[in-house]
Each structure stands twice: as C-alpha cells, then as structure tokens.
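I opened this model to get my bearings.

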Amino acid sequence: MFKFKKLAAIVATAALAIGLIAGCGGDTAKKMTTQEGVLRVGSETTFPPYEFTEGDKYVGFDVDLSEAIAKKLGLKMQFVSMGFDALIPAAQSGDIDMIAAGINATPEREKVLIFSDVYFKDAGYVTVVRKDNTSINSMQDLAGKTVGAQIGTIPVDMAKAIPNTTVKEIDSNATIFMELNAGTIDGAIIDNAVAMYYLKQGADKDLRLAGQPSESPGTVLGFKKDNAALRDAVNKALKELKEDGTYQKIYEKWFGNYQQAK
C-alpha cells in the first residue's frame, strides 16, 4: 500500500510539473504577439520582389517567407501595409509584431529594435540610370548630380555621402523608376535585387545598372526591443525552413535567376 501511495504521489507531482511547464509555454506564446494567435507583419508594399501587390493581394518573397514562419509558429499571418518610415514606430508601439521589409540592421535601428538572423544575403545597393546617360558608370559618378532614394532607407545616407549631390527622398521605388524615366533625377541608388526585378519586367528598355552593387550586410526581420521571445522563435523557424527545403523553394520562386543575372 505504501509503495502504491508513493508511486501515486510521484505521478501526481510529475503531472503537476508537466502542467506548469505547459502553462509557462502557453503564457510565453501569448506574449509573443499583440493579438493571440496572429502574427501581424508590417511592410512597405511597393518593394518587389520582396513585397508588392498583384490585384488585391500582397505577394513577394517576404510575404511567402512570413507566411511560412507564421505556420511554423502555429500562428495566422496578418500582413499590414504602411509607409516605410512608419514601420519602426509601429513595431515600437505594438501595432505590428514583426517588420518584413527588406531591411538591414544598422547601428541606428539597433537602438530601437532587435533583429532576426540574416535571412537574405544576396542584396547590396546599386546605381540605376537612364540608358542615354553615358556619364554615370558607378556610384561615385553621382557626385554633383540629383539622386533619388527611397525615404527612410540606407540609400538616402549613401547618396548624401557622395560629394555635392542633391538627394531627392522619394516615397517608393515605383516612383523612383518613374522619375528616372521622366528625367527629374539623374540617377538612383536602389536595392540590387529590386533593381534587377524591375529591369527584368521591362524597365531595361530605358534604364540600366551603372557599376557593381555594394556589399550587403544582409537582410533581417525587425521586432520590438523587449520581444526577444518572438525574435528567438522566428530564428528557430527560419533555421527549420532552411533545413526542410521550404526556404530554398521560396527563394527560387522570387530570385531563381538572380545569381546569374548579377
């Protein structure tokens, strides 16, 4: 009888311990996102092939990857489109849980956000000009010129660092290409993958790349400073997606010929 009671006590204690662990896990999961069961992903959706619209749908590399991450976490993804300069404030306030917008982890951004592991390395920034412009053949040739760059992005700082440039900060890459064609800017500094995508879609009739792309620090996902739990869970999901081949399928869907095109 004594042995039976002792065994029952051990089983009960173990069950309680398991219950406590499960409870902690559940509480942690609830705290990872603002809305239980939903991963709210913020992005600026004029940034193909990372994220853009087709009809009434958001599509792109980041959209597919975020969907796969959410699935790994057992969450439903909700994609939220906003201006690029609104993304960091939205993450800080908890209006979104994760930024997926082709961003880099700069020292300035690291003061207000935490970041995932690098999930895309084949990027960098490149100069785009009109084909009839023969005087600009590298980024440094933009000196003394009017240069377009998307507001709130690293290319703005890169353009300002070139001597005597007039930097025009533009709200979207689509508008940058329109201004290049219109001749209201002499050149633009743009994410290399984005530039290649636009050229493949027909922009190469009038525009060209000028010089080689810059080295890339790698693209990351951004999170609220105090949400290391979500960041760590996403890093784990990214690792699993690379191991099971899902990441490669998404990569090839959007950047299949990218390496060759460079």
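**Ground rules.** I am working from a predicted model, where local features need pLDDT of at least 70, side-chain atom pairs count only at pLDDT 80 or more, and totals for chains, interfaces and linings use all residues. Residues are numbered from 1 along each chain as its sequence is written, and side-chain values use heavy atoms, without hydrogens or water.

**Overall.** I found 10 helices and 12 strands (DSSP runs numbered from the N terminus: H or I of at least four residues for helices, E of at least two for strands). Of the 262 residues, 45% are buried (buried is under 20% relative accessible area, exposed over 50%, partly exposed in between, with a 1.4 Å probe and protein chains only). I also looked up contacts (heavy atoms within 4.5 Å). Among those between residues at least 6 apart in sequence, 71% join residues at least 24 apart.

**Salt bridges.** I counted 10 (a side-chain nitrogen of Lys or Arg within 4 Å of a carboxyl oxygen of Asp or Glu).

Glu-108 pairs with Lys-111 at 3.4 Å between the closest N and O atoms. Both residues are exposed.

Which residue does Glu-169 bridge to? Its partner is Lys-160, with the closest N and O atoms 3.4 Å apart. Salt bridges with shared partners also join Lys-72, Lys-236, Glu-240 and Asp-244 into one network.

I then checked Glu-240 and Lys-72, which meet at 3.9 Å, N to O. Glu-240 lies in helix H8 (residues 228–243) and Lys-72 in helix H2 (residues 61–73), 168 residues apart. Glu-240 is partly exposed at 25%. Lys-72 is partly exposed at 37%.
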